[in-house]
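Colleague: I have a new model open and would like to go through it with you. Can we take it piece by piece?

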Amino acid sequence: MIARPRRDAAKNDLRWRRTEKLLLKAFEQELGCTPLDKVKVVAVCETAEVSKAAFYAHYQDIYDLADAFVDAAVQRTLDSMGPATPTVPDGMGFVYRCVQALRSEEQKAFVRIADENRMMPRFLERICSEVEMRVSQGVSHPLNPSDRIAVTFILSGAIATVLSHPEVPDDVLADILARLMEQALGAVDHGKNGE
């Protein structure tokens, strides 16, 4: 029996990556017209034009593919934010990069699909965790709870606003969210000081 290749090792193989892209794209197309709990492996394979064996070489089941779909969106968002390590005190720049990262048509489409299929909590958890990690690399001390709350608050607010107010210009949205972040940090600090 041939052992199934480890995902990490196989990701360097061009055929493996091509099949992953096809499956992710097909999954997204299926989610555009079918709720997650009704998406079938067979339908994804037909749309991607790959065999069921190829699907199961990559994923355990449709929910494993859903996790990969969320991970791909998280990576796209982080890539869109650029290589610079964001810092919470850099409120406006940090928030502006977050807003811009969520404004692409591809990201907005993902957010709509993820929201309709109850994948947003998973996306928010992962994106906030990754951004917290990036932020912690840019500061000399570990993030305190107020910083983590601010990161989660701003990312959640940016995602919700992108969904509900796409007409708001990036700079206006970033300014509003940056001021809210400063107020949130101030409120948390105010509470810590007992004032």
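Colleague: To start with, is Phe123 buried or exposed?

Modeller: Phe123 is buried, with a relative accessible area of 0%. Buried means under 20% relative accessible area, exposed means over 50%, and partly exposed is in between, using a 1.4 Å probe and protein chains only. This is a predicted model, where local features need pLDDT of at least 70 and side-chain atom pairs count only at pLDDT 80 or more, while totals for chains, interfaces and linings use all residues. Residues are numbered from 1 along each chain as its sequence is written, and side-chain values use heavy atoms, with hydrogens and water left out.

Colleague: How many helices and strands are there?

Modeller: The protein has ten helices and zero strands. Helices (H or I, at least four residues) and strands (E, at least two) are DSSP runs, numbered from the N terminus.

Colleague: And what share of the residues is buried?

Modeller: Buried residues account for 43% of the 195 residues.

Colleague: Back to the rings. How many aromatic pairs does the structure hold?

Modeller: It holds five aromatic pairs. Rings of Phe, Tyr and Trp (its six-membered ring) pair if their centres lie within 6.5 Å; planes under 30 degrees apart count as stacked, over 60 as edge-to-face and the rest as tilted. One of the pairs is Phe55 with Tyr59, which is tilted, at 5.8 Å centre to centre and 50° between the planes. Phe55 is buried at a relative accessible area of 0%, and Tyr59 is buried with a value of 0%.

Colleague: Why is the pair of Phe110 and Phe123 called tilted?

Modeller: The ring centres of Phe110 and Phe123 are 5.0 Å apart and the planes are at 55°, so the pair is tilted. Phe110 sits in helix H7 (residues 105-116) and Phe123 in helix H8 (residues 120-137), so the pair ties together parts that are 13 residues apart in sequence. Phe110 is buried too, with a relative accessible area of 0%.

Colleague: Which residues form the aromatic cluster?

Modeller: Phe27, Phe69, Phe110 and Phe123 form one aromatic cluster.

Colleague: What does Phe27 touch away from its sequence neighbours?

Modeller: Setting aside neighbours within four places in sequence, Phe27 is in contact with Leu36, Val39, Val44, Ile62, Leu65, Ala66 and Phe69. Contact means heavy atoms within 4.5 Å.

Colleague: Which residues touch the most other members of the largest nonpolar core?

Modeller: That core has 51 residues, and Phe27, Met119 and Phe123 touch the most other members. A nonpolar core is a set of buried Ala, Val, Leu, Ile, Met, Phe, Trp, Tyr and Cys residues joined through side-chain atoms within 4.5 Å. Elements that give two or more residues to this core include H2, helix H5 (62-81) and helix H10 (170-193). H5 gives the most, with ten residues.

Colleague: Now H2. How many residues does H2 have, and how far does H2 reach?

Modeller: H2 has 18 residues and reaches 26 Å from its first C-alpha to its last, close to the 26 Å expected at 1.5 Å a residue. The expected span is 1.5 Å times one less than the number of residues. Its buried residues include Trp16, Thr19, Leu23 and Phe27.

Colleague: What does Thr19 contact?

Modeller: Thr19 is in contact with Val50, Ala54 and His58, leaving aside its neighbours within four places in sequence. Thr19 is buried, with a relative accessible area of 13%.

Colleague: Different topic. How many disulfides are there?

Modeller: The count comes to zero disulfides, where a disulfide is a pair of cysteine sulfur atoms within 2.5 Å. Cys33 counts as exposed at 63% relative accessibility, whereas Cys45 counts as buried at 4%.

Colleague: Last one. What is the phi of Glu49?

Modeller: Glu49 has a positive phi of about 60° although it is not a glycine. Glu49 lies in the loop between H3 and helix H4 (52-58) and is exposed, with a relative accessible area of 74%. Arg118 has a positive phi too, of about 55°, and is not a glycine. Arg118 lies in the loop between H7 and H8 and is exposed at 64%.
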